[in-house]
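Subject: Structure for you to look at

Hi,

Here is the structure I promised to pass on. Please open it alongside this note; my findings follow below.

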Amino acid sequence: MIALKMEDLKGFTSGLFVGEAFDSWLLREATIVTFNTFTIDGHIRAGYYSSQEMEENQIGDLSAWKVIRPFCFSLIRGKRLPGSFQITLQLPPAGIDQFLKQAHLDLRPEQIGGMYLNIRYEEGILHCVTGMSLKIFTMDKQVETEWDEWVKAYLKRKGMPYSNI
């Protein structure tokens, strides 16, 4: 796990809320504080979609950030900055598979509980913190280290400068 301070607040938030930088990611949860506190649970409610809709639209357990992004943007846009926000994004299963292959790690996707990017804005500062949950026990921290490096490379590819905390 690493914590990064995003150096270009406007550029990062534009990529997050307006652009498509994180559209392939899934939303676990979001809390946005403006004139009220708005909390979004990214888990899909059982029974809301038919099994046919779930299959056709490749809907899993979590909502795609691409779907939720416009709602979140509508909460923060305006003349005033939000008081704070916290968004937890998760790499989708296809991304986990790609990550493991790219990093040449001896793990199977089903052994990964989740690979997370926690985005936190408060007091005019935006931080990104990586996180991971494994379904197996291992003393080897290589997968966490590779995940941290992957996130840094991802942010760099998206033109989102950061500094290590």
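**What I found**

Start at strand 8, where Tyr162 stands opposite Met6. Keep in mind that this is a predicted model.

**Strand 1 and its partners**

Met6 belongs to strand 1, residues 3-6. Strand 1 pairs with strand 8 (residues 162-164) in the antiparallel sense, over three bridges. It also runs antiparallel to strand 7 (residues 125-134), again joined by three bridges. There, Lys5 has His127 as its bridge partner.

**Strand 2 and its partners**

Strand 2 covers residues 26-33. Its pairings are as follows.

- Strand 5 (residues 84-90): antiparallel, seven bridges. Leu26 stands opposite Gln90 here.
- Strand 3: antiparallel, five bridges. Ala30 has Ile40 as its bridge partner. A hairpin through three residues joins strand 2 to strand 3.
- Strand 4: antiparallel, two bridges. Leu27 stands opposite Ser63.

The largest pocket has a volume of about 790 Å³. Its lining counts 29 residues, and Leu26, Gly60, Asp61, Leu62 and Ser63 lie nearest the centre. Elements giving two or more residues to that lining are strand 2 (26-33), strand 3 (37-41), strand 4 (63-64), helix 3 (65-76), helix 4 (93-103) and strand 6 (112-122). Helix 3 gives the largest share, three residues. By class, the lining of the largest pocket has 17 nonpolar, seven polar and five charged residues.

Helix 1 (9-17) and helix 3 each supply at least two lining residues. Helix 1 has the largest share, with five. The classes here are nine nonpolar, three polar and four charged.

**Helix 4**

Which residues of helix 4 are buried? They are Gly95, Ile96, Phe99, Leu100 and Ala103. These residues sit on the same side of helix 4, because they cover an arc of only 135° around the axis.

What do the buried residues of helix 4 pack against? Their contacts are with strand 6 and helix 5 (142-157). The other side of helix 4 has exposed residues: Pro93, Ala94, Gln98 and Lys101. Just after helix 4 comes His104, with a positive phi of about 55°.

Best wishes

Note on methods: Residues numbered from 1 in each chain as written. Predicted model: local features only at pLDDT ≥ 70, side-chain atom pairs only at ≥ 80, totals over all residues. Heavy atoms only, no water. Buried < 20%, exposed > 50% of the residue type's maximum accessible area, 1.4 Å probe, protein only. Helix = DSSP H or I, 4+ residues; strand = E, 2+ residues; numbered from the N terminus. Pairing = 2+ DSSP bridges. 1 Å grid on protein atoms, 1.4 Å probe; cavity = no way out; pocket = protein on both sides within 12 Å on 5 of 7 lines; lining within 4 Å. Points joined across faces, edges and corners; volume = space filled by probe spheres on them. Nonpolar A, V, L, I, M, F, W, Y, C, P; charged D, E, K, R; others polar. Arc of directions from axis to C-beta. Contact = heavy atoms within 4.5 Å.
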